[in-house]
Amino acid sequence: MPIVWRDQISVGNDLIDQDHRYLICLVNSIDLALRHEDDSESLLVFVQQLIAYTAFHFQREERIQKLAHYPQYEAHCRVHKEILGHLAQVERDVRDYHAHVQDGSLVPGERDMVAGEVMQLLRDWVLDHVLKDDKRMEPYLRKLPANFG
Ligand SMILES: [Fe+2]
């Protein structure tokens with residue numbers, strides 16, 4: 001089931017919202033790639049793009065938080081670091097999975113295990129963070145122009 005952007009997801013800053021839209025789009029693409037048995041190549045490419053863009057987005061979000069004097073800045077940065085660690089683990093697992101698909105050494109159940117793990121981590125870390133933790137910035141960001149940062 002794809003995740004669809006709603007106005008309630010907005011944190012009141014155009015740059016951050018724009019990034020979140022793209023991250024949601026990547027999560028949906030990963031979900032789609034997981035539904036195609038033999039498309040481990042696309043899965044790996046999307047996961048790598050998600051990691052690259054998440055790292056870029058976190059830097060941007062942290063910069064905006066600092067400029068906006070967001071009181072939870074330090075704690076939020078720690079969560080970002082933790083998420084990047086989890087994503088790196090997902091990338092390692094997807095890379096192994098892709099290698100096994102390519103050399104024909106996939107073991108029964110491996111695909112379902114990787115798919116479950118990837119979606120669980122994306123939901124728990126990326127989406128949960130974007131939809132819940134980031135939402136706490138909203139009262140601070142709404143005081144500033146929408147294009148702030
Ligand atoms: Fe964040």
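Tutor: The dialogue below sets computed values against their cut-offs.

Tutor: This is a predicted model, in which local features need pLDDT of at least 70 and side-chain atom pairs count only at pLDDT 80 or more, while totals for chains, interfaces and linings use all residues. Residues are numbered from 1 along each chain as its sequence is written.

Student: What pLDDT does the protein average?

Tutor: The protein averages a pLDDT of 93, and 100% of the residues score at least 70; pLDDT is the predictor's confidence in each residue, from 0 to 100.

Student: What makes up the secondary structure of the protein?

Tutor: There are five helices and zero strands, in the order α-α-α-α-α along the sequence. Helices (H or I, at least four residues) and strands (E, at least two) are DSSP runs, numbered from the N terminus. The C-alpha trace spans about 55 × 25 × 20 Å along its principal axes.

Student: Why are α2 and α3 called roughly antiparallel?

Tutor: The axes of α2 (residues 40-67) and α3 (residues 73-103) come within 9 Å and cross at roughly 170°. Axes are lines fitted to C-alpha atoms, for helices over the stretch in contact, with angles running from 0 to 180 degrees between N-to-C directions. Angles under 35 degrees count as roughly parallel, over 145 as roughly antiparallel, 65 to 115 as roughly perpendicular and the rest as oblique. The two helices are therefore roughly antiparallel to each other.

Student: How do you know whether His-69 is buried or exposed?

Tutor: A residue is buried if 20 or more other C-beta atoms lie within 10 Å of its own, exposed if 12 or fewer, and partly exposed in between, with C-beta atoms placed from the backbone. His-69 has 8 such atoms within 10 Å, so it is exposed. His-69 is found in the loop between α2 and α3 and has a positive phi of about 55° although it is not a glycine.

Student: Why does Arg-111 count as partly exposed?

Tutor: Arg-111 has 17 C-beta neighbours inside 10 Å and therefore counts as partly exposed. Arg-111 lies in helix α4, and its C-alpha atom is separated by 10 Å from that of Arg-35, 76 residues apart along the chain.

Student: Why is Ser-42 partly exposed?

Tutor: Ser-42 has 16 other C-beta atoms within 10 Å, so Ser-42 is partly exposed. Ser-42 has its place in helix α2.

Student: What makes a set of residues a nonpolar core?

Tutor: A nonpolar core is a set of buried Ala, Val, Leu, Ile, Met, Phe, Trp, Tyr and Cys residues joined through C-beta atoms within 7 Å. The largest has 21 residues, of which Ile-30, Leu-43, Phe-46, Val-47, Val-94 and Val-118 touch the most other members. The elements giving two or more residues to this core are α1 (14-35), α2, α3 and α4 (110-133). A second, separate core of five residues includes Val-11, Ile-16, Met-137 and Leu-141.

Student: Which residues does Val-118 touch?

Tutor: Not counting residues up to four places away in sequence, Val-118 touches Ile-30, Leu-34, Val-90 and Val-94. Two residues are in contact if their C-beta atoms, placed from the backbone, lie within 7 Å.
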